[in-house]
Amino acid sequence: MALQIDVPLDGGVTHSNGYVRVTDARLFRKDGSSSWSLMVDVSVYKDSDERAKDNPTTLYCRAMDKFKFAYSVGDETSSNLIALAYTKLKTDSTFSGASDV
């Protein structure tokens, strides 16, 4: 599972049809808080062929790195935490127009 999207790079350059994969999804809450959050880390590659390499090179994209979403216990019951992370990413304006690949 991954997302395909135009990737905004530093210097105003856009890489078309980048390949974005969730590399980590974790739940946390601060001490004393009752609110949970879902933290999602992603890696960006020029395309799926690059990602498939034994030692792929990632693209640095400041806008696509780490994301934090509100989470309610049980949100992932119809899928898993990684699938939920992709669903949440697609609600973020950074991933407007992204397609599943």
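Analyst: Happy to! Let's start at a turn: in the hairpin of β1 and β2, five residues lie between the strands, and G11 there takes a positive phi near 85 degrees. Keep in mind that this is a predicted model.

User: How many bridges join β1 to β2, and do they run parallel or antiparallel?

Analyst: The two strands run antiparallel, with five bridges joining them. As one example of who faces whom, P8 stands opposite T14 in β2.

User: Switching topic: what about helix α2? Which of its residues are buried?

Analyst: Helix α2 covers residues 81-89, and its buried residues are A83, L84, A85, Y86, K88 and L89. What covers them includes the strands β1, β2, β3 and β4.

User: And what caps the N-terminal end of α2?

Analyst: N80 does: one of its side-chain oxygens lies 3.0 Å from the backbone nitrogen of I82.

User: Now K68. Is that one buried or exposed?

Analyst: K68 counts as exposed because its relative accessibility is 53%, and the cut-off for exposed is over 50%. You'll find K68 in strand β4.

User: Which residues does K68 touch?

Analyst: Not counting residues up to four places away in sequence, K68 touches F28, S37, L38 and M39.

User: Last topic, the core. Which residues touch the most other members there?

Analyst: The largest nonpolar core has 21 residues, and V20, V22, V40, V42, M64, L89 and F95 touch the most other members. At least two residues of this core come from each of β1, β2, β3, β4 and α2. As a general point, nonpolar side chains tend to be buried together in soluble globular proteins.

User: Let me zoom in on F95. What does it touch?

Analyst: Leaving out residues up to four places away in sequence, F95 touches L3, I5, V20, M64, F67, L89 and K90.

Notes. Residues are numbered from 1 along each chain as its sequence is written. This is a predicted model: local features need pLDDT of at least 70, side-chain atom pairs count only at pLDDT 80 or more; totals for chains, interfaces and linings use all residues. Side-chain values use heavy atoms; hydrogens and water are left out. Buried means under 20% relative accessible area, exposed over 50%, partly exposed in between (1.4 Å probe, protein chains only). Helices (H or I, at least four residues) and strands (E, at least two) are DSSP runs, numbered from the N terminus. Contact means heavy atoms within 4.5 Å. A polar contact is a pair of N or O atoms within 3.5 Å; within protein, one must be able to donate a hydrogen and the other to accept it, and residues adjacent in sequence count only if both atoms are side-chain atoms. Two strands pair if DSSP finds at least two bridges between them. A nonpolar core is a set of buried Ala, Val, Leu, Ile, Met, Phe, Trp, Tyr and Cys residues joined through side-chain atoms within 4.5 Å.
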